[in-house]
There are 2 protein chains.
Amino acid sequence: MLCVTVDNYLTDEDRSFLASYDPRAFPPVAVTVDLVILTVRDGELCVLLIRRGEPPQRGRWALPGGFVGPDETLDEAAARELAEETGLRAGAHLEQLATFGDPGRDPRMRVVSVAYLALVPDLPMPIAGTDAAEARYRPIADIESGAVLAFDHGRILAEGVERARAKLEYTGLATTFLDEPFTVADLRRVYETVWGVPLHPANFRRKVLSTPGFVEPTGEKLATGRGWAELYRRGTTAHLHPAIPRPPAG
Amino acid sequence: MLCVTVDNYLTDEDRSFLASYDPRAFPPVAVTVDLVILTVRDGELCVLLIRRGEPPQRGRWALPGGFVGPDETLDEAAARELAEETGLRAGAHLEQLATFGDPGRDPRMRVVSVAYLALVPDLPMPIAGTDAAEARYRPIADIESGAVLAFDHGRILAEGVERARAKLEYTGLATTFLDEPFTVADLRRVYETVWGVPLHPANFRRKVLSTPGFVEPTGEKLATGRGWAELYRRGTTAHLHPAIPRPPAG
DNA sequence: TAAATAGTGTCTATCAGACAGTATTAT
DNA sequence: ATAATACTGTCTGATAGACACTATTTA
């Protein structure tokens, strides 16, 4: 294997050691990335699921994912999978979530899966890949109330949803769920949908607009709906000071 | 490979598919766990490092770690490594940090490393393993100011330290750095050491004691030092309400 | 007119941060 | 006596949460 990245760190001793090193002496392990792609549509928090078109567990709903290529970083593999499934290349938020590697979580072999979390705006339609019979955004509520996902994907999804809920509190990531421009009420509905609690409109507005860098006014106003509403774009601040406090129970 | 865990999920189709499945068709990848073991000693935040006794990068300081066994979960492998290096079996905090898998991060082969973060009290002495010439707790400040670690361990350490700093704010984990019983001043010194900022003793005391479940009084008093100080044990609450706010810069 | 929504202003309880001050012990 | 530390009490400014109120548009 060619490893130019750290080649300049190698000593002569390293080089002679590597010449006699056999990577195939280790038990076979596969490394994959699985994606928790969340979006908000029609007042519901939804996740992109694919129905498996190949065994094992053909016909069952699963998170999209795939093998990490030999020359890819983990982040690159996740970005490639996200683009393949949604068509999105930029504008979405993508971060590593956690890694799942219990023996027996996949019946084929030892599979260590690095899970990623993506937050995307409401998109036209997902793209069904070669190994997927069908791809669809499905409400979280449906999965939480019974529907069983393939492998340990239910647990991965639960961690992704919890991470997303927590991150809305102290980052400006809620705006990545929205197309620009948006109103303060649109942003509030994102929080209400993801957290599952109603928020006080007046207090929410005051907090959002008093947090520097959260949203930028476009100066335009939207006349649709009742009355009129000012329009905003995403701000530049990743970390919110102060945070948007999450109500205790939900 | 025997995979009983999800065996009852297998359909007849799955079983016939698996009979013709060859795990060795994939490029060889090794999965390891690396540990960021942090402690507070002599007013400094320290990390357990080993000096590599085998190539590659023999003689360079690195995080302790090792291969994940074929029948181990990732958490089990991390707990085993922690016990091997420190002798600790319980009482320490251990959580998954992030996964690092850039091609070329290890010159031997493609190595995907699942990093774990451990917070431990001040311990007698670390144990040098078979592949380590030496094991020592070294101050974070020494590494941040120049000392280069093996592979990408500098980046892993930086993420671990940042996670630890963030977690002190909203969890009761600071107490895992201390032997019981401890005083409020001991706990304050942990925060001051990890965050690198002085905290107001009076305000710190008020916040800690008004946060239910953070610390439990033993009823005893310690007469050493000037005056006397009340002694406490770790509380049961993992999540702090309200949080211990971290001062902005520093 | 009634209902729904965008936006403004105000009141109150709480908390962070700063500081004054007391009690106790080592030097 | 002086310095250092543990601990208590008080004051101020900021903010979360609740509510009242106006303006505007649709049904």
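First, the ground rules. This is a predicted model, where local features need pLDDT of at least 70, side-chain atom pairs count only at pLDDT 80 or more, and totals for chains, interfaces and linings use all residues. Residues are numbered from 1 along each chain as its sequence is written, chains are lettered from A and ligands numbered from 1 in the order written, and side-chain values use heavy atoms, leaving out hydrogens and water.

Start with chain A. It has six helices and nine strands. Those are DSSP runs numbered from the N terminus: helices are H or I with at least four residues, strands are E with at least two. Chain A has 250 residues, and 50% of them count as buried. Buried means under 20% relative accessible area, exposed is over 50%, and partly exposed is in between, with a 1.4 Å probe and protein chains only. Now contacts, meaning heavy atoms within 4.5 Å. Take those in chain A between residues at least 6 apart in sequence: 66% join residues at least 24 apart.

Next, the aromatic rings. Rings of Phe, Tyr and Trp (its six-membered ring) pair if their centres lie within 6.5 Å; planes under 30 degrees apart are stacked, over 60 edge-to-face, and the rest tilted. Over all chains, that rule gives four aromatic pairs. One is Y191(A) with W195(A): the centres are 5.1 Å apart and the planes at 75°, so this pair is edge-to-face. Both sit in helix α5 of chain A, residues 184–195, four residues apart, about one turn of the helix. Y191(A) is buried, at 0% relative accessibility. W195(A) is buried too, at 6%.

What does Y191(A) pair with in helix α6? With F204(A): their ring centres are 5.4 Å apart and the planes at 65°, so that pair is also edge-to-face. This one links distant parts of the chain, from α5 to α6 (residues 201–210), 13 residues apart. Put together, ring pairs link Y191(A), W195(A) and F204(A) into a cluster.

A quick stop at a charge over a ring. The rule: NZ of Lys or CZ of Arg within 6 Å of the ring centre and within 35 degrees of the ring normal. In chain A, the charged end of R138(A) sits over the ring of W61(A), 5.1 Å from its centre. In chain B, R138(B) lies over the face of W61(B), at 5.1 Å from the ring centre.

Now the DNA. Near means that a heavy atom of the residue lies within 4 Å. How many residues surround DNA strand C? There are 19, and the closest are A185(A), R205(A), W228(A), E230(A) and N203(B). A polar contact is a pair of N or O atoms within 3.5 Å; within protein, one must be able to donate a hydrogen and the other to accept it, and residues adjacent in sequence count only if both atoms are side-chain atoms. N203(B) reaches a base nitrogen, at 2.9 Å from a polar side-chain atom. The most residues on this surface, four, come from α6(B).

Finally, DNA strand D. It is surrounded by 18 residues, and the closest are N203(A), K207(A), R205(B), W228(B) and E230(B). For K207(A), a side-chain N or O atom is 3.1 Å from a phosphate oxygen. Here α6(A) gives the most, with four residues.
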